[in-house]
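Here is a short walk through one protein structure. Keep the sequence and the model side by side as you read.

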Amino acid sequence: MSSIYTERRARLAAQLGAGGIAIIPTAPERQRNRDSDYLYRHDSYFYYLTGFAEPGAWLVLTAEGEATLLCQPKDLEREIWDGYRLGPEAAVATLGVAAAHSVTELDARLPRLLENRGRVWFPFATHSGLAARVEGWLNQVRARVRYGALCPEQQGDLCLLLDEMRLVKDAHELAILRRAGAISAQAHVRAMQRSSRMLRAGEEVREYHLDAELLHAFREQGSQYPAYGSIVAAGANACVLHYRADKAPVRAGELVLIDAGCELDGYASDITRTFPADGRFTGPQRALYDLVLESQKAAIASIRAGARFNDPHDAAVAVLAQGMLDLGLLDRNQVGGLQDVIDKRAYFQFYMHRTGHWMGMDVHDCGSYVEPSEVGQVSERLDPLSGETIKNRPSRILRPGMVLTVEPGIYVRPAPGVPERFHDIGIRIEDDAVVTADGCELLTRGVPVEGDEIEALMRA
C-alpha cells in the first residue's frame with residue numbers, strides 16, 4: 001500500500017523545481033468542549049501523500065524526492081488513554097519515507113531542512129497560522145546567512161500542484177469511491193423503506209428516525225463517518241438547500257429529501273434522493289419529480305471525456321426551464337420562451353444552484369473549474385439578476401478519472417403567481433459520476449431514481 005503514496009510523492013517532487021521543498025501538515029485536533037475533542041479527521045492533502053491518519057504529523061518533501069515525516073513519538077502512558085501511535089522508528093518502513101522524527105523536534109529541524117533551498121511550497125490559506133510559522137523558520141535561516149546559508153527566495157502554494165494531481169483519480173481511489181457509493185446507496189434504500197414501513201404501521205415518524213437509519217447503515221458496513229452533515233428534510237423543509245436533519249414530522253402525502261453520503265477510508269460519497277414519505281407520489285409531486293429526473297438524465301448524457309464541466313449544468317437548465325414553462329411555474333406572458341428564461345435566468349426562482357461539483361477525498365473536492373490551458377480567454381457578461389459584471393472563462397475540459405456530482409433540483413416556495421398545487425415541494429436527485437472516454441460511470445445507482453421503482457421499493 002505504501003507504494004501508492006511513494007509514487008504520489010515522487011510525482012509531486014518532480015514539480016517542485018530545482019531546490020524546491022514542500023511542507024505539508026495534517027489537521028490539528030480540535031476541542032469540542034471541556035475535556036472533549038471533535039472526532040478527529042486528517043487533512044486530505046497530507047493523507048493523499050502519506051496514507052497516515054494520526055494527528056500531530058508533518059511531511060517535508062524535497063525536489064530530489066526525499067520525504068521526512070515528523071509524527072507523535074511513542075508514549076506508552078498516552079497510548080493507554082488515546083490509542084496506539086506508530087512512532088518515528090516504525091514510520092520509515094511502514095510509510096516508505098526516508099526519515100522520521102518526533103514532532104517535538106519540528107521547530108529545530110525545519111530551519112535546517114529549509115536552508116539552501118530555492119523555493120518553499122506549502123498549502124496557502126488552509127491551515128491557520130501556517131504562513132507565520134513558515135516565516136518564523138525562514139527568519140532562522142536568514143539569521144545564518146553570514147555563515148553561508150541561503151534562504152529560499154520564493155514561496156509557492158502547494159495546493160496548485162496537489163489539486164491537479166487529486167482531480168484525476170487513480171484505480172485505488174476509484175475502488176474506494178465505488179464502495180463508498182454502494183454503502184451510501186444502501187443507506188438511502190433503508191431510510192426510504194423505514195419511512196413507509198413506519199407510516200403503514202401507524203407510527204410517528206420524525207426526520208431523526210431516518211437520519212438514524214443512515215448512520216446505522218454507514219457504520220454497519222464499515223464506513224468511518226458521514227462525509228458531511230446529512231440533510232433529511234420533510235415537506236417544506238426540502239426547499240431549504242442546506243437543511244439539517246432535525247425533529248420535524250414526516251407525514252404521509254409529503255415528500256422527503258435526503259442528501260447524505262458516507263466517508264470510507266478518506267473518500268466521500270454524495271447522494272440525494274427525494275421520495276414520497278408513504279411510498280406514493282401525488283400527481284403534482286410526480287410531475288415535478290419526473291421533470292428533475294429528465295434534467296438529470298440530460299446532464300448525465302452530456303458527460304464524457306472532452307466535454308466541458310459546464311455542459312451538464314447547461315443541459316439540466318434547458319430541460320428544467322422548458323418544464324417550468326410547460327407546467328405553469330413560469331408564465332410565458334411574463335418571461336417569454338425557453339431561451340428568454342435561460343438568458344434572463346428566470347428559472348433561478350426555482351433552481352438556484354449549480355448541477356454539480358468535484359468529489360473525492362472531500363465531498364466538495366479540490367480542483368479548478370476553469371480549463372488551465374485557456375485561463376487567459378476572458379469574456380464579460382452582465383448578470384440579469386444582480387446586475388453584476390461576471391468574468392467568464394472556459395470551463396474545465398473533462399478527462400477520464402475525474403469525478404463529479406450530477407444534482408439538478410427544483411424548489412417551489414409559495415409566491416404570487418406560483419400554482420398552489422406545487423407549493424412547498426422540494427426535489428433534488430444526485431448521483432456521483434466518473435468520467436470515462438465515451439461517457440460516465442455512475443457510482444450511486446444502487447438506490448433507484450425512477451419514480452415507479454421508488455414506489456415499488458417502498459412497498460417492499
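How many residues does helix α6 have, and how far does helix α6 reach from its first C-alpha to its last? This is a predicted model, and in it α6 runs over residues 130-142. The helix has 13 residues and reaches 18 Å. That is close to the 18 Å expected at 1.5 Å a residue.

Now look at which side chains of α6 are hidden. The buried residues are L130, V134, W137, L138 and V141. Seen down the axis of α6, these buried residues fall within an arc of 100°, so they line one face of the helix. An α-helix has 3.6 residues a turn, so residues three or four places apart point the same way. What covers the buried residues of α6? The cover includes the strands β1 (20-25), β4 (58-62), β7 (119-122) and β8 (154-157). Helix α5 (106-114) is also part of the cover.

Helix α4, residues 87-95, can be read in the same manner. Here G87, P88, A91 and L95 are buried. They cover an arc of only 115° around the axis, which puts them on the same side of α4. On the other side, E89 and A93 are exposed. The cover over the buried residues of α4 includes two helices, α1 (2-13) and α2 (44-50). It also includes the strands β5 (67-71) and β6 (99-102). After α4 comes G96, with a positive phi near 75°.

Next, turn to a sheet. In what order do the strands of the open sheet lie? The order is β10-β11-β14, with 3 strands and antiparallel pairing. The edges are β10 (231-234) and β14 (271-276), each of which pairs on one side only. From one strand to the next, the twist averages 10°. Strand β11, residues 255-260, is joined to β14 by 6 bridges.

Side chains of opposite charge can pair when their charged atoms come close. The model has 35 salt bridges. In one of them, R190 pairs with E213, with the closest N and O atoms 3.1 Å apart. This pair links distant parts of the chain: R190 lies in helix α8 (residues 171-200) and E213 in helix α9, 23 residues apart. Are the two partners buried or exposed? R190 has a relative accessible area of 21%, so it is partly exposed. E213 is at 12%, so it counts as buried.

Another salt bridge joins E371 and R396, at 3.8 Å from N to O. It too links distant parts of the chain, 25 residues apart. E371 sits in the loop between α13 (338-344) and β15 (379-382). R396 sits in the loop between β16 (389-392) and β17 (403-406). Both E371 and R396 are buried.

K74 and E79 form a further salt bridge, at 3.2 Å from N to O. K74, at 42% relative accessibility, counts as partly exposed. E79, at 13%, counts as buried. Finally, find R166, K169, D362 and D365. A network of salt bridges links these four residues.

Note on methods
Residues are numbered from 1 along each chain as its sequence is written. This is a predicted model: local features need pLDDT of at least 70, side-chain atom pairs count only at pLDDT 80 or more; totals for chains, interfaces and linings use all residues. Side-chain values use heavy atoms; hydrogens and water are left out. Two strands pair if DSSP finds at least two bridges between them. Helices (H or I, at least four residues) and strands (E, at least two) are DSSP runs, numbered from the N terminus. Axes are lines fitted to C-alpha atoms, for helices over the stretch in contact, and angles run from 0 to 180 degrees between N-to-C directions. The expected span of a helix is 1.5 Å times one less than its number of residues. Buried means under 20% relative accessible area, exposed over 50%, partly exposed in between (1.4 Å probe, protein chains only). The arc is that of the directions from the helix axis to the C-beta atoms. Contact means heavy atoms within 4.5 Å. A salt bridge is a side-chain nitrogen of Lys or Arg within 4 Å of a carboxyl oxygen of Asp or Glu.
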